[in-house]
Amino acid sequence: MRKKILFSFLSLFLFLLVSPPPIFAAGPEYDQAYAILQNQGPGPATPLFKKLAEKGDPDSMGVLAYIYKNHSKFDTKYAESAKLYNAYLQIPDVKKEFATQELGELYMNGGYGLEKDLPRARIYFEKLVGAGWSNKEFSRYPVNDLTVLIGQQMSDYTKDDADYVKTGKLLAKNRPTAAMGPLKKSAESQNPDAMELLGLMYKYGIGVKKDRSEATSWFRKAAEKELPYSMLNMGIVYEKGDGVTQDETTAREWYKKSAIAGNEEAKSILTQKMKNDPLPPELAIEMVNKMRYTKDGAPWGEVVNKFIFKPKWEYYLDETDGHVVKLKGYYNDTIEEKSSIIIVYLIGCEPNIETGNKSYYIRNYFSSTRGEKTKPGIPDWLAYELE
């Protein structure tokens, strides 16, 4: 009976985890692995799923991660499970909520080769709570996990505030409604930590009716006292225009303050924004011309002027590739006719949050000639000319 429950659980898990159509068609190998899982259990099936997971099959990655995390009688490996779930989350076009919840649980509990990380777990749970996700059939309730986790984080509170300490104990027992009374008393007595927590409770509707205006009010009070999480939330408020006039400049100012104060999420948000700031096309093209060809150190501008005729440059910002500079021109071969060449440069950006400065570099380049498919690097004949 227990095996039947596990297998039906895994079947539902796959239905929830992966959005059709599948990205990777594992075919008969996957069917064989799943049949062995159903008939013989995780032990014999795991090597087969592992082989498919290494090839990038999302179904196999999900099953294997779930087995490592939940099947303690087989072989509990939290670190391996987290690694697989993190890889799974990088795959486009799959449902990510269940894997996100699993990761939150892994980092909340720690052990079995994985270091406990409450701040990281909190980010996962907050993401799910903000999206309103839960799953009754799997008993996955991220709002409960988030509540208990916050209570656990409050357990090492050392300031003299009995109401705030009481709040933490109640949240650790998943009693958010009862916690609102002492929490408000603590906030009203000017405890910035309580102000911040009240903002979170109103933001997500934990123990109280959701109220964006009230949440922003408390976050602002805590942010003015330089609490990193509240400054992060003020950045989000201004970016979305949630109850305030939308203002990207003000949002970035709050993100910067939060990041400098140590909030990793704010740092990640601001870093990505700075990386994606579009460049003036003429500046991007000038930078590529001055950057050096890695093999002999010559500036790309010299390479182009020497070997490529009628060069035409183009710059654009791509959602996937980021900054892209494209060169189109012709190569005049003395034996063959003049032929077309395209070189695509992917430009990387390393921003400095504190100073606002950015450094750019060519992180990769691709080329094609005579209508051939684009491939990494430059054509062999051009590489030969440059040697």
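Me: Which residue just after α3 takes a positive phi?

Reply: G56 does, at about 100°. Helices (H or I, at least four residues) and strands (E, at least two) are DSSP runs, numbered from the N terminus. The model is predicted: local features need pLDDT of at least 70, side-chain atom pairs count only at pLDDT 80 or more, and totals for chains, interfaces and linings use all residues. Residues are numbered from 1 along each chain as its sequence is written, and side-chain values use heavy atoms, without hydrogens and water.

Me: What average pLDDT does the protein have?

Reply: pLDDT is the predictor's confidence in each residue, from 0 to 100. The protein averages 89, and 90% of the residues score at least 70. Over residues 15–25, however, the pLDDT is below 50.

Me: How far does α3 reach from its first C-alpha to its last?

Reply: The expected span of a helix is 1.5 Å times one less than its number of residues. Helix α3 (residues 42–54) has 13 residues and reaches 17 Å, close to the expected 18 Å.

Me: Which residues of α17 are buried?

Reply: Buried means under 20% relative accessible area, exposed over 50%, partly exposed in between (1.4 Å probe, protein chains only). In α17 (residues 281–290), A284, I285, M287 and V288 are buried. They cover an arc of only 160° around the axis (taken from the directions from the axis to the C-beta atoms), so they lie on the same side of α17. On the other side, E282 and K290 are exposed.

Me: What do the buried residues of α17 pack against?

Reply: Contact means heavy atoms within 4.5 Å. The buried residues of α17 pack against α18 (300–307) and the strands β1 (309–318), β2 (322–331), β3 (339–351) and β4 (358–369).
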